[in-house]
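Hi,

Here is the structure I promised to pass on. Have a look at it first, and then read on for my notes.

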Amino acid sequence: MTRARRVVLKLSGEVFGGGAVGVDPDVVAGVARQIATVVRKGVQVAVVVGGGNFFRGAELQKRGMDRARADYMGMLGTVMNCLALQDFLEKEGIETRVQTAISMAQVAEQYIPLRAIRHLEKGRVVIFGAGAGMPYFSTDTVSAQRALEIHADIVLMSKNGVDGVYTADPRTEPDAVKLDTLTFAEALRRGLRVADQAAFSLCMDNGLPMLVFAAEGDDTIVKAVSGEKIGTLITA
Ligand code: UDP
């Protein structure tokens with residue numbers, strides 16, 4: 001029997017905040033509805049949650065904070081997003097588990113990869129929080145790492161304000177063209193910033209495809225998870 005499709009969905013903090021600081025419950029409810037739709041179809045979904053709607057370590061560092069401490073604040077921010085998503089998924093009738101890379105037993109399990117796989121096999125959504133538990137990392141890189149460790153088929157990177165990878169920044173270059181496909185080597189060579197370079201490298205070295213697509217819209221997550229034509233597919 002072939003295994004069910006297993007995906008890692010990266011949701012940036014911007015998705016949770018609806019563009020503002022904090023969590024917008026209406027937006028999270030919409031995301032949860034889409035995830036519930038694909039889980040009901042039998043897709044195994046793990047989510048890596050960002051935290052930019054609360055804190056980004058690099059930004060706090062610029063304002064005088066110690067980088068590592070600021071990064072821990074960033075990681076703790078991701079966990080609030082995890083709990084919000086968990087809540088709305090449970091309201092959809094989907095069983096969930098939050099696993100964090102920093103122990104906080106009252107609200108989440110520890111990150112235990114084999115247990116995460118078991119949850120997925122039982123149809124639960126696993127929500128990964130607190131990034132890698134290590135400063136100087138990003139949740140983009142963690143998405144690639146978690147996807148590799150739990151043997152996901154693809155990393156789905158939802159992005160705010162952009163619906164794929166362009167030849168140049170479409171906000172400043174009107175002639176920029178959206179690419180349907182791309183290789184990681186090309187993305188690295190061109191210095192494309194749509195995901196961070198460490199994430200590209202991990203995917204390239206291990207043959208893990210990545211789909212970059214727009215977070216906005218009522219059904220973009222459903223389309224991305226279902227393998228419909230959307231965004232830009234990056235492969236090795
Ligand atoms: N972070 C970290 N290590 C990790 C993941 C995240 O230090 O493994 C911190 C870092 O400060 C980062 C913040 O958490 O800026 C929020 O994560 P990220 O910027 O990746 O969130 P997103 O941009 O996706 O909302």
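Let me start with Ala130, which is buried, with 27 other C-beta atoms within 10 Å. By buried I mean that 20 or more other C-beta atoms lie within 10 Å of the residue's own; exposed means 12 or fewer, partly exposed is in between, and C-beta atoms are placed from the backbone. Ala130 also has a positive phi, near 65°, in a residue other than glycine.

Before the rest, two words on the source. This is a predicted model, in which local features need pLDDT of at least 70 and side-chain atom pairs count only at pLDDT 80 or more, while totals for chains, interfaces and linings use all residues. Residues are numbered from 1 along each chain as its sequence is written.

Back to that loop. Ala130 sits between E5 and H6, and Tyr136 lies in the loop between E5 and H6 too. (Helices, H or I with at least four residues, and strands, E with at least two, are DSSP runs numbered from the N terminus.) Tyr136 is not a glycine either, and its phi is positive at about 70°. Is Tyr136 buried or exposed? Tyr136 is exposed, with 12 other C-beta atoms within 10 Å.

Now the overall picture. The protein chain has nine helices and 11 strands. Its radius of gyration is 17 Å, close to the 18 Å that the globule rule gives for 236 residues, so the chain is as compact as a globular protein of that length. (The radius is taken over C-alpha atoms, and the rule is 2.2 Å times the number of residues to the power 0.38.) The C-alpha trace spans about 50 × 50 × 35 Å along its principal axes, and buried residues make up 47% of the 236. Of the contacts with a separation of 6 or more, 70% come from residues 24 or more positions apart; a contact here means C-beta atoms, placed from the backbone, within 7 Å.

The sheet is open, with nine strands in the order E4-E3-E5-E2-E1-E6-E10-E11-E9 and mixed pairing. Strands count as paired if DSSP finds at least two bridges between them. E4 (109-110) and E9 stand at the edges with a single partner strand each, so one side of each is left without a neighbour in the sheet. At the E4 end, E3 (residues 96-100) pairs with E4 in the parallel sense over two bridges, and Gln99 has Glu109 as its bridge partner. At the other end, E9 (residues 181-183) runs parallel to E11, joined by three bridges, with Thr183 partnered by Thr235. E10 (residues 210-214) pairs with E11 in the antiparallel sense, also over three bridges, and Met210 has Ile234 as its partner.

H6 is worth a look. Nine of its 11 residues are buried, so H6 is largely enclosed by the rest of the structure. Those buried residues pack against E1 (6-11), E2 (44-49), H4, E5 (125-129), E6 (154-159) and H8 (197-206). From the H8 side, Leu202 touches Thr141, Ala144, Gln145 and Leu148, not counting residues up to four places away in sequence. Leu202 is itself buried, with 21 other C-beta atoms within 10 Å.

What about the core? The largest nonpolar core has 71 residues, and those with the most contacts inside it include Ile35, Leu85 and Met210. (Such a core is a set of buried Ala, Val, Leu, Ile, Met, Phe, Trp, Tyr and Cys residues joined through C-beta atoms within 7 Å.) H2 (residues 25-40) gives the most to this core, with eight residues. Leaving aside neighbours within four places in sequence, Leu85 is in contact with Val28, Val31, Ala32, Val47, Val49 and Ile127.

Last, the ligand. Which of the 22 residues around the ligand come nearest? They are Gly50, Gly52, Gly57, Gly74 and Gly131, where a residue counts as near if its C-beta atom, placed from the backbone, lies within 6 Å. H1 (13-17), H3 (57-62), H4 (67-91) and H6 (139-149) are the elements that give two or more residues to this shell, and the largest share, four residues, comes from H4.

Cheers

Note on methods:
Two residues are in contact if their C-beta atoms, placed from the backbone, lie within 7 Å.
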